[in-house]
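Please look at the sequence and the model together, and follow the paragraphs below with both in view.

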Amino acid sequence: MSDPVTAIPDELRTTPTRSAGALGLLRRHDFRSLYLAVAASEIGDALHYIALMWFAFDAGGPLGVVAVRLADSVPALVFGLHGGLAADRWDRRRMMIGADLARAAVLVPVGVAGLVGHLPLAGLVVAAFLLETATSYFAPAYGALLPAIVERTNVQQANALVQGTAQALSVGGWALAAALVAVLPISTFFAVNAASFVISAAFIARLRVRRARATHVEPPRLHEGFAALRPRPSLAVGVVVLGVAVTVSSGTWIGGVPTLVRDALHHGAGGFSFVMVGYALGSIVSGVLLARVPVRRKAPASQLAWTLYLPGYGLMALAGSLWVAVAGAFAAALGQSSAVVLLNSAAQEEVPDSLLGRVVGLISLTHRGAHATGLLLVSPLFAFVAPRAVFVGAALALPVVGLVGAALSVGLVRGRLGRGRSGHAPRHP
C-alpha cells in the first residue's frame with residue numbers, strides 16, 4: 001500500500017487527458033455551475049467592499065478602516081488550517097454551501113442595521129471577522145474540489161478563467177456601485193451581497209460531482225498536510241515565498257497607494273479608483289494569458305512571477321503622473337495574480353486528493369493571512385518613511401524573494417534527483 005503523503009495522485013498515473021481549454025470547460029455542467037456561483041458572489045463582494053469601507057471610514061476614520069481590514073485577515077490565520085482539515089474530512093460541496101449560507105446570514109442584520117442608521121464600527125468588525133471565518137472553510141473546499149470537476153490537467157485554465165472573470169466583475173461591480181449609490185442607500189449593498197451568497201449556494205447545490213469515499217478509516221491529521229510538502233520541495237518553497245512576498249506587497253499597497261496618490265500625485269478618491277482599475281486589469285490579463293498558455297513547472301514559475309514587482313512598484317516609486325502609477329499597478333497585479341494561480345494549480349496537480357484540502361488550506365492561510373502581517377509589519381512604515389522610498393524598497397525586495405525561492409526550488413529538486421540516481425529513489429518525482 002502506497003504512502004498517501006508521498007504517493008503520486010491516481011489521476012496522474014493514467015494517460016493524461018488533453019487540455020480542454022477555458023471555453024471547453026464552460027461547456028461542462030459542473031464547472032459552469034461553479035463558475036456562475038463564483039461570478040454571483042464576486043458581484044456581491046464588489047458592492048460589499050464599497051459599503052464596508054465607507055461605513056468603516058464614516059464610523060472610525062482611517063483607524064476604522066484598519067480595524068476592519070485586520071478583522072477580515074486574522075481569521076485566515078486562526079481557522080485556515082482547520083478549514084483545510086475539514087475539507088479532507090467532510091463533504092466539500094456541502095461545506096461550500098454551508099459557508100455561503102453562513103455568510104448570507106451574517107450580512108442580513110448588517111444590512112438592516114445600516115438601513116435604520118445604527119451600524120457601529122464594532123458591528124462591522126465582528127461581521128468582517130465572521131465573513132472571513134466562513135471563507136476560511138469555503139476556500140480549501142473549493143480548491144480541493146476543483147480537480148475533481150475539471151481534471152488535474154485543466155486546473156491552471158480553470159483557475160485562470162475564474163480569476164480573470166472575478167477581477168472583471170469587480171470592476172463592473174465598482175461601476176455598478178457608483179450608479180446605484182445615486183438611487184439606493186449604500187447599506188443595501190450588504191443585502192445584495194447576502195443575496196449573492198444564496199445564489200452561489202444554489203449553483204453549488206447543482207454540482208453532480210461527488211468525492212470518492214475514503215479507503216482509510218482514520219480521520220485526517222493536520223501534520224499530514226505539512227508532511228505532504230516535504231517530498232514536493234518546489235511547492236514547499238512556493239508557499240514560503242508566497243507568505244513573504246504577500247506580506248511585503250500587501251503592506252506596501254494598503255499603506256502606500258492612498259498616501260502616494262494623495263500626497264505625491266495630488267489626486268483624490270477618483271485617482272485611487274483609477275489605480276485600482278489598473279490593478280484589476282493586470283489580474284484580468286494574467287487570467288487570460290494563463291488560461292491560454294499552459295505552464296509546465298508551475299511552482300518555480302509562481303516564484304519567478306514576483307519579479308514583475310520590479311517594474312510594478314518601481315514605476316509607482318518613480319511616478320510623476322497618475323497614469324504611470326496605474327501602469328505600475330497593472331504590472332504588480334500581473335505578477336501577484338500569476339503567482340497565486342500557478343501555486344494553487346501546482347498543488348492541485350501534485351497533491352493526492354486525500355491531502356489536498358489541507359495543502360490548499362495552508363496556501364489560502366498563507367495568502368490571506370499575509371495581508372494581516374503586511375498590515376502590521378509593513379504599512380506602519382508609511383508613518384515615518386516617504387512613500388516613494390518604501391515602494392523602492394519593495395520593488396527591490398520582492399524580485400529577490402522570488403529569485404531566491406526559484407533558485408532554491410531548482411537546487412532542492414536537483415538534489416532529490418541526484419539522490420534518486422545514487423540509489424535512494426524518491427517516491428514522488
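The paragraphs that follow treat a pair of helices and then the cavities.

This is a predicted model, in which local features need pLDDT of at least 70 and side-chain atom pairs count only at pLDDT 80 or more, while totals for chains, interfaces and linings use all residues. Residues are numbered from 1 along each chain as its sequence is written, and side-chain values use heavy atoms, with hydrogens and water left out.

Begin with helix 6 (residues 121–150) and helix 15 (residues 353–377), whose axes come within 8 Å and cross at roughly 135 degrees; helices here are DSSP runs (H or I, at least four residues), numbered from the N terminus, and axes are lines fitted to C-alpha atoms over the stretch in contact, with angles from 0 to 180 degrees between N-to-C directions. The two helices are therefore oblique to each other, since angles under 35 degrees count as roughly parallel, over 145 as roughly antiparallel, 65 to 115 as roughly perpendicular and the rest as oblique.

Turn next to the largest cavity, which is lined by Leu81, Leu222, Gly225, Phe226, Arg358 and Leu362; a cavity is a set of points on a 1 Å grid over the protein atoms alone where a 1.4 Å probe fits but cannot get out, and lining residues have an atom within 4 Å of a point. Helix 9 and helix 15 each give two or more residues to this lining, and helix 9 gives the most, with three residues.

Note on methods. 1 Å grid on protein atoms, 1.4 Å probe; cavity = no way out; pocket = protein on both sides within 12 Å on 5 of 7 lines; lining within 4 Å.
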